[in-house]
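Q: Could you take one part of this predicted model and walk me through it closely? I'd like to hear how that part sits among its neighbours.

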Amino acid sequence: MDIMIVDDEPQVAEVLAKSVNRQGHRTTVVHSGEEALRLLRSWSPDAMFLDVSMPGMNGLDVMAEVRRLHPSLAVVVITGHATPDEIEDVKRLGAVDVIAKPAALTHYHRALERLHGTKPYPMAEDL
């Protein structure tokens with residue numbers, strides 16, 4: 001799969017990208033919502049890993065625009081600072097999965113399995 005990783009923390013994004021690449025997927029890393037949307041105007045990845053808390057355009061705004069540009073794009077939300085309301089909002093917008101940082105680096109493979117349809121949506125205790 002081609003996966004876009006959107007995270008304003010370069011170290012987190014690069015570690016996640018390397019891990020996903022080791023699983024046989026191709027990744028493209030961007031560090032802002034604006035950059036992600038520019039890229040999505042000319043490319044349609046199979047999935048997106050999206051941070052919620054970013055300066056400038058946050059993940060909720062990005063996700064709303066993603067739904068307009070690519071309604072069926074599978075989006076996995078990664079967050080270290082999202083409020084319960086923000087998590088509900090991204091679920092409402094159709095997030096395939098929501099995983100918490102720093103657990104994102106150890107549980108991303110669960111999200112990939114769910115993208116492939118092999119696992120159900122996570123239970124509350126997984127978050």
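A: Let's start at Met57, which sits in the loop between strand E3 (47-51) and H3. Setting aside neighbours within four places in sequence, Met57 is in contact with Gly33, Glu34, Leu37 and Val62. Another residue to look at from here is Glu35: Met57 and Glu35 are 22 residues apart in sequence, yet their C-alpha atoms are 9.8 Å apart in space.

That brings us to helix H2 (residues 33-40) and helix H3 (residues 59-69), which pack with their axes 10 Å apart and at an angle of about 5°. With an angle under 35 degrees counting as roughly parallel, H2 is therefore roughly parallel to H3. On the H2 side the contact is made by Gly33, Leu37 and Leu40, and on the H3 side by Val62, Glu65, Val66 and Leu69. Sorted by class, the contact of H2 with H3 has five nonpolar residues, one polar and one charged.

Glu65 deserves a stop of its own. Its place is in helix H3, and it counts as buried because its relative accessibility is 18%, where the cut-off for buried is under 20%. Leaving out neighbours within four places in sequence, Glu65 is in contact with Leu37 and Arg41.

Now look at H2 by itself. Its buried residues are Gly33, Ala36, Leu37 and Leu40. Around the axis they cover an arc of only 95°, so they end up on the same side of H2. As a reminder, an α-helix has 3.6 residues a turn, so residues three or four places apart point the same way. As for what the buried residues of H2 pack against, H3 is one partner, and the others are strand E1 (2-6), strand E2 (26-30) and E3.

At 1.5 Å a residue, the 13 residues of H1 should span 18 Å, and its end C-alpha atoms are 18 Å apart, which agrees. The buried residues of H1 are Val12, Ala13, Leu16, Ala17, Ser19 and Val20. Viewed down the axis of H1, they fall within an arc of 165°, so they line one face of the helix. Turn to the face of H1 that points away from this buried side and you find the exposed residues Gln11, Lys18 and Arg22. Just after H1, Gly24 takes a positive phi of about 95°.

One more loop is worth a look. Thr83 is found between strand E4 (74-79) and helix H4 (84-92). With a relative accessibility of 36%, Thr83 counts as partly exposed. Thr83 and Ser53 are 30 residues apart in sequence, while the C-alpha to C-alpha distance is 9.9 Å.

Stepping back, the chain has five helices and five strands, and from the N terminus on its elements run β-α-β-α-β-α-β-α-β-α. Of the 127 residues of the chain, 45% count as buried. Among contacts between residues at least 6 apart in sequence, 62% join residues at least 24 apart.

Terms used: Residues numbered from 1 in each chain as written. Predicted model: local features only at pLDDT ≥ 70, side-chain atom pairs only at ≥ 80, totals over all residues. Heavy atoms only, no water. Helix = DSSP H or I, 4+ residues; strand = E, 2+ residues; numbered from the N terminus. Expected span 1.5 Å × (residues − 1). Buried < 20%, exposed > 50% of the residue type's maximum accessible area, 1.4 Å probe, protein only. Arc of directions from axis to C-beta. Axes fitted to C-alpha atoms, helices over the stretch in contact; angles between N-to-C directions. Parallel < 35°, antiparallel > 145°, perpendicular 65-115°, else oblique. Contact = heavy atoms within 4.5 Å. Nonpolar A, V, L, I, M, F, W, Y, C, P; charged D, E, K, R; others polar.
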